[in-house]
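Okay, everyone, thanks for coming. Let me put the structure up and then walk you through a few spots.

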Amino acid sequence: MTSLLEQGSISVAPWQNCPTSSMEEDAPQTNYLEYLDAKLDNEAKKDENLVVGTKQGHLLMYSVTPGTTRRWDVALLCSNKNFSRKPIVQVAVVPEHQIIVSLSDNVISVHDLTVFNLPLLCTVTQTKGATAFDLDLKHHVTLTGDAVVMVRLVVAVKRKLQLYYWKSRKFHQLRDDLSLPDVPRALTWCKEAIAVAFKHDYWLVMLTGKQKELFATGRSQEPLITQMEGGEQLALAHDKETIFVDAKGNATCSYTLKWEEQPLALAYHKPYLVAILPKNIEIKIADPHATVQLVSLEKPRLVCVGTSTKTKSQVYIASTSHVWCLHAIPVNQQIPQLLADKQFDLALRLVDVWEEAQDAKTQMQKHIQHLQAIHLFCSKEYSQAMKIFLTLNTDLPFVIGMYPDMVPEEYQSRLQYPYPIPALSGAELEKALQALVHFLLEIRHKLSGNEGEAGAGGTGAAASKTEADSKYSTAASGVKSRNEKLQIIDTTLLKCYLQTNDSLVQPLLRMRDSYVSVMEGERVLRHAHKYPELVLLLQTRGQHQRALQLLLRHAKKPDSPLFGHHHTVSYLQHLGPQHVDLIFEYGGWVLKSHPDDGLKIFIGDKTASGEVEQLPRPRVLSFLKKTEKSLVVPYLEHVIEEWKDCTPLLHNELIHQYREVVTAAIPVCDPTTLEEEKNKRKMTREKLLSFLNQSENYTAATLLVHFPYDSLHEERAVLLGCLGQHHQALAIYIHTLGDTDAALNYCRKHYSSSGSGSEVYLTLLKLLVTPSDAQSSSGSPLKQHTKKPPDVKTVLDLLQNYLQCIDLGQALKVLPDDVRLNLLKPFIQASFNLATTACREQQITRGLTQSLKLQTNEELASCQREKIVLSEYTYCAVCSKRFTKQSAFAWCPNGDVVHFSCQNQR
């Protein structure tokens, strides 16, 4: 710390060092320059110039430059002892406009800084009675590229605020005065508002006239307001505390800055707040909340922060007789000591004000944050540490390596950390693992949102790692591609879930984009005896052979979670047609030991049906016939009835299976078993007959040769009907089965108005009146009964009910000669009536058709008589343009004429 003394008043004293923690000062011998009060500001025009106003009305300007033999060389540049007749209450310098603005004798004056004796430029007479003022400087660039500084002045005059702006070497009124509820004690600009301190409270006055009361000033008789962060934030004193608000009066921090005693003066020198206390000077930093230093000086009263374009700004402290300059140690010398003391937040704040290139500042910030994250982890602040690692995009192996048993031992030995990593166990390990899980999930979310990125590019952020980061991340990791990072993340998540919440293991493995390493995942799952999860891992990685072998081994171990056949059934159900050979290989033992459950492999259940439906059914059928033939019928029934399969091969096979069951030899057994066998065959035959009548997808010609002549007569009749051999089929019903009702049902089913089906009723009539031979024409043996004459009544009933389906002429030829004519009269007459009706219906249809034709011709002629006249006065109804000789046009039904190209625009 340097004492800046008035030239010629006293001699320069020797300097002593004052030891501090983070700032360095030189303390002078006690020398006195007797002026009772001083108001000061700093001017940045020529190196470091200091302007001092005294109680006697003198104004002094010193040059303060770094010295060679001592810290600072001080020289008096100019002085004006006639600056004012009254004490100088407040003084401010605007170096860009070369003016000094001062408050003395309750009026604002402006002096010229370019002349040695600082002559008066003007006096703002409207400010008579002023008690305080503040300047607002705004730098901007005009359209012509010139740098312009706009100066605004606010003056407290009794209970009003007067606002001015600087132009043409004088101040002009900016707007009407703003009325206040009390006389201001202090004020300062804050963007487009003015913070005002009254005796008892603080207010915020907008330039629009709107006013907002903030809070009480406390017991202090001299309230303090300090501008921070370029005027966007204010520090307001409240007894022993400082409260921070923004330009709208809202608190910017959830805490207050507490001082040892009530400050007498306050200044902000980024990032420090310097407060003059009754006994010493206290230097604090607001974020992080910390006391930096205490400095002892003799009765300091004022503090001011200078500005400079060439050197770093300084803090000036003034008493009634001395002015001191407070100079900070260079940032690059402070940071190593702060890091050694683990004061990382303060180090980061100093980097913000470090006057270095942005790349160097960014590099240093990352280095400090990296050390801070590791320190937080060692201090058991795992969540905070992971947040910083996430922000820095630290190498995954480096972060994971801080946890036990997370990376291979040979790799763990190559990881180096600046602080000893504590051994985690118990509740601390679980807490740390939860923080790691959150960290990994955040990175995974970022990587998943960047799927299209090339593998070598990573996430992009990794490529921008600084050298400071690489000190703590091994080059041997080689983790660059997106897939490699995802594999590390998912494998580590698996290990974390096994130690914290094993219910999340299966959801992790089931993820569509899971990247868990098979080798490492298998190792940890076997070690944890998580065999169902291991099967799931192998299944999701397509290693079905190994998974099924594992299921087969554990299916016979009663103490295994995979005991039994159900796990194998469920696994095989989801393999799909591309792995049908594996299904056959590992499904055989289930079919033999548990046939009903084994069948579910091929027909599915409520939980799995989509994959099994895609299996090649002919191959499945062949496999079942070789392995467990009793399951063929249930399988085919399910495929045809549930899945609606129309493949002729499957339909034929089901009919064959039914036939084999019905025609198989009955084994010798006890009466109860024999009765059960008969009931089973009866039910199977009913299924066979029903399926033959309902299905349309079997091949009757190939099936018929397998049906015997001495049994299954009705089934043969159905097949013969499918082949169109109606005479043989009806012969079975009439001569073999003697079932006229069944024959009539057959005729109803197969009758058609044309083709072979048009004569089924006539064929039935012939069979009813024709005596049968010993064997029917179908090859089936005849039913043994006494030969009877033709049943004339049945024949006549057939004619009566189905006369429209029988050719009466052909029927009369086959009727027996002994049938009386009066019995046939009604049928002959009805036949004539049907013919007459058909003829008349045809005549009516012909007449209606002719009438419709005449009507259509008349409409056509009417349309052809329509004329379309186009002239030079005809315009298109769409585009309103005329038609030319070459124009193609269209005529609309409503009579509008449009261009051919405009017709679709209507």
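This is a predicted model: local features need pLDDT of at least 70, side-chain atom pairs count only at pLDDT 80 or more; totals for chains, interfaces and linings use all residues.

Residues are numbered from 1 along each chain as its sequence is written, and side-chain values use heavy atoms, with hydrogens and water left out.

Trp-891 counts as partly exposed because its relative accessibility is 42%. For the cut-offs, buried is under 20% relative accessible area, exposed is over 50%, and partly exposed is in between, with a 1.4 Å probe and protein chains only.

Next, Leu-572, over in helix α14, residues 566-573. Buried or exposed? Buried, because it's at 1% relative accessibility. Skipping neighbours within four places in sequence, Leu-572 is in contact (heavy atoms within 4.5 Å) with Leu-548, Leu-582, Ile-583, Tyr-586, Gly-587 and Ile-601. Its C-alpha is 9.9 Å from that of Gly-604, 32 residues away along the chain.

Last one: strand β8, residues 88-94, has five of its seven residues buried, so the rest of the structure largely encloses it. β8 pairs antiparallel with β9, residues 99-104, over six bridges; pairing takes at least two DSSP bridges. Gln-90 has Leu-103 as its bridge partner in β9. The two strands make a hairpin with four residues between them, and Gln-98 in the turn has a positive phi of about 55°.
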